[in-house]
Amino acid sequence: MTTISIHLLGDTREFQAEELPPVTSAHTGRQLRRVALEFRVPSKRQEELDAELKSAVEKDSPLRGTDVNWSVSNTRYSYTVGAQPEVATYSLELQEAEDLRASAVEIGDLALVPSAYREWIDDEGDYLVLTFVTETAGEANQQLEGLIVARGETYYDVIRRGVSDTPVRMRFGRTLWQETEAGSMRHNLSLVADEGRETSKGGPFALLNEPQLSRTTEAAVANAQALAVLVEELQAQGVLSSEAADKVRAAALPHKITEQEARQFTRTYDLDMYGD
């Protein structure tokens, strides 16, 4: 048996716990402690306790310890019949919780500093996914845009400084962006480590709203280009000639858009609407 301290029900409490076999973290490769413990709580405080345990199960708010924070991996409870006041006996299994906040995300030789960060292991595919918000300007923004526009199904070596220094092969997922008043770019980026899996093709929802969505996007890009050509010709000549009309019609024909053109459809005016 070992003694652990946990902040629970508004106070730091000591518990006698049984050490369980550790598990290997899928995020960092570290060996994470596991313990089992049992304690009693008055039934009038059970609702409050259940709320704390639920947050710790979902890993949103681990139970704070003196040297280790804990997530709840399993919980059971029972009532003592006839006890006055009524009490509930809880049996918990706890796992050491990791602080998975990267100080920098390095994609190749490009280092991005997150203002918000989250990573998790996909429940279905069992692969690493991370999302983060970052702001770039100048050369760094050009370099990031180059990676995104040229990505295709390209996988990059990604290091999450502060989480793990071991590179992980990852590709871009969702890549939203917003221009700031200062002229820099805020990005909400997703990276996925699913190399060699069928999910890299898009998953079960890959064809949702398709092909309508792709056809609409292609038409919208073509219309925008046609308007640009029209304005340019009107400014240059003052009136539409036959040649100018032909250019407008040619520019309006739908075509397979490039990654650079597609980037305009991931722009948002409020990046915070999409969470972290």
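Modeller: Gln178 stands opposite Arg186 in strand 12. It's a predicted model, where local features need pLDDT of at least 70, side-chain atom pairs count only at pLDDT 80 or more, and totals for chains, interfaces and linings use all residues. Residues are numbered from 1 along each chain as its sequence is written, and side-chain values use heavy atoms, with hydrogens and water left out.

Colleague: How many bridges between strand 11 and strand 12?

Modeller: 7, with strand 11 (residues 164-179) and strand 12 (residues 185-192) antiparallel. Strands are DSSP E runs of at least two residues, helices H or I runs of at least four, numbered from the N terminus; pairing takes at least two DSSP bridges.

Colleague: Switching topic: is Glu96 buried or exposed?

Modeller: Buried, at 11% relative accessible area (buried is under 20%, exposed over 50%, partly exposed in between, with a 1.4 Å probe and protein chains only). Glu96 sits in strand 5 (residues 87-96).

Colleague: Which residues does Glu96 contact, beyond its neighbours within four places in sequence?

Modeller: Arg30, Gln31, Leu32, Arg33, Val68, Asn69 and Trp70, where contact means heavy atoms within 4.5 Å.
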